[in-house]
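Thank you for making time this morning.

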Amino acid sequence: AEECLDDQAWPFNFAVFLERLQTGLPVLHPDCFEGSPKLATWRKRKDLFTDAEADYWRAHYEGAAMRYKEAEAAGCPTALCRYKRALSHLGDWEPKQAIPLFTWCIDNNAYLGDSLVKRAAAQIMLVRQGDQVDGKEACAAARADCVRVIEAAGFGRQRTLVDALNTLGDVLYQKDDHAAALTPLARALEIDRDHHEANSNMGKFLWHLDRETEALHYLGKAIETNPEDDYPYLLKAYCHLELEDHEAAAQSLFNYMERRPDSQSAREHLIRCLVVLDRLTDAQAQAFAMDKRHPGHYLVNADGIMADALRDVGRLEDALKHAQLSVQANPQPGHHFYLKGLCHYDLQDVDGALASWHALAEVEPENVQVLRRHADGNLSKNPENALSYLEKALALDPGVAPALKLRDANVKAQPTLLSRLRGAIDKLRG
């Protein structure tokens, strides 16, 4: 109300306004604006701000941030424009741009509680991005902002208090203190049991604590309060997978992909679920969809995708058939050759495995995975080659840790080579 009656900001014709007010006529009327010398300027400001708001609510955050800056330059309220710009940068995953604007709002006592909470959220975002920040320092700063809001009881706003408790839970979670993170979230949900983010976070933290059944309750509540948020559907799928309820997991993944059709990892999970449920036709359809949406993906083609899923659930012979079809469809060596080798190896066909890996090694001689597998496959047949491949892998990546096993009597008959090979393996494990 004060802003609306402030003649410095709004273009009211006060004589008309007071006359209508005294006679009981509606005051929000065009006549109250006409005749004001500030009307044209106000309209320009209003249009800029309205355009910025439209961009923000359409999630066009980059455009919104630019328009809020233009609106501020045109004379719109500085604090409001800077706060909204900060929110836009946060929505665009640009915490470095958001934090100074939130800090300005805090220093000028503008939108104080919300600015503190959002600055804390921006600090956590910086940590997650790993953007050359001190994680401990950023978490401590975020925690201090949240505690300040909580101690002030949200500065009189319940929603701000709940947001601060929710963000504090996120801070503790980021510090890997998952159990402690539940306490502020529980308090937040005591105040507002329909708070979407608090329900979503509670579900996520409980899932990380292997309390999937409890997590599903909160994730269901999060979906109920905001069905358009995709993340709770994905978390529900993970919980169902842990509980080996593949039917429910598949449904949650379908729901997630209605909102995020380009998620490659979710589609891979969905294909595995459908394979477990023996819905191979549906799985094949999803594999073709993934191949179409993600050309150039590491599994090369739809048969490669199916081979990977079938191998993952232990259907090795079916996996090998699809791997062979994948190689036939695309004879250029790639990851599908590596996958075909794994299928042969799982079926105790070491020669078939080595042939596939050798074809890939000729094209990618520095592929550490292939060198590792060559070493493993050659242990029983040719220990000298095994050691050679192992040394190449070490030279390329000293941190590689192949799961090699000394399991053949022929190797044990050569103590000198055996000691060298064991030394190389110990070096890897170390």
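At what angle do the axes of helix α15 and helix α16 cross? Before I answer, please note that this is a predicted model, in which local features need pLDDT of at least 70 and side-chain atom pairs count only at pLDDT 80 or more, while totals for chains, interfaces and linings use all residues. Residues are numbered from 1 along each chain as its sequence is written, and side-chain values use heavy atoms, with hydrogens and water left out.

The axes of α15 (residues 280-293) and α16 (residues 302-312), being lines fitted to C-alpha atoms over the stretch in contact, with angles from 0 to 180 degrees between N-to-C directions, cross at roughly 130 degrees and come within 8 Å. That makes α15 oblique to α16, since oblique is what remains once under 35 degrees is called roughly parallel, over 145 roughly antiparallel and 65 to 115 roughly perpendicular. Where they meet, with contact meaning heavy atoms within 4.5 Å, α15 contributes residues including Leu280, Ala287 and Phe288, and α16 residues including Ile305, Met306 and Leu310.

Turning to α5, residues 95-107, this helix has 13 residues and reaches 18 Å from its first C-alpha to its last. Its buried residues (under 20% relative accessible area, 1.4 Å probe, protein chains only) include Ile99, Phe102 and Ile106, and the buried residues of α5 pack against α4, α6 and α7.

As for the whole chain, there are 23 helices and zero strands (DSSP runs of H or I, at least four residues, and of E, at least two), and buried residues make up 47% of the 430 residues.

Notes
The expected span of a helix is 1.5 Å times one less than its number of residues. Buried means under 20% relative accessible area, exposed over 50%, partly exposed in between (1.4 Å probe, protein chains only).
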